[in-house]
Amino acid sequence: MRHHGRVTDRAQVSRWLAGYESAWRAPSTQALAGLFTSDATYLWDEEREGPDEVFTLATDILAVDGATAVVRAEVHYGDPPHQEYRDLWVIHLGDDGRCTWFEEWPFWPEHPYAAHDDEP
């Protein structure tokens, strides 16, 4: 019998994030199989330049509510860094600890989103 209303804790989210980072550094996307369920919603390879890409990833778990976690991620590409971006990730972890839903809200610090003042 499946246990409904399962609660994800920060330690579990931390383990998942560590696996996610090592998957990004792996030469193929095979490492993802252990992180995402087969029907998980997520875009992956398009964003990745390749396993040789130099980057640092810093993550900060902002909130955990039920099976859902909100994580702030900051990625710096290159050495020395030539590009940085910040993301908010909304992650749903299933009963087996794998991700069933991954939603990404990117934010580029050097290109702030601003409403244009073109009202009459």
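Where is Pro80 found? Pro80 sits in the loop between S3 and S4. Strands here are DSSP runs of E, at least two residues, and helices are runs of H or I, at least four, numbered from the N terminus. A cis peptide bond joins Asp79 and Pro80, with omega about 5°.

A word on the source. This is a predicted model, where local features need pLDDT of at least 70, side-chain atom pairs count only at pLDDT 80 or more, and totals for chains, interfaces and linings use all residues. Residues are numbered from 1 along each chain as its sequence is written, and side-chain values use heavy atoms, leaving out hydrogens and water.

Now helix H1. Its 16 residues should span 22 Å at 1.5 Å a residue, and the end C-alpha atoms are 23 Å apart, which agrees. The expected span is 1.5 Å times one less than the number of residues. Which residues of H1 are buried? They are Gln12, Val13, Trp16, Leu17, Tyr20, Ala23 and Trp24. Buried means under 20% relative accessible area (1.4 Å probe, protein chains only). Down the axis of H1, these buried residues fall within an arc of 135°, so they line one face of the helix. The arc is taken from the directions from the helix axis to the C-beta atoms. An α-helix has 3.6 residues a turn, so residues three or four places apart point the same way.

What covers that face? Strands S1 (36-41), S2, S3, S4 and S5 (99-107) are included in the cover of the buried H1 residues, with contact meaning heavy atoms within 4.5 Å.

Key. Buried means under 20% relative accessible area, exposed over 50%, partly exposed in between (1.4 Å probe, protein chains only).
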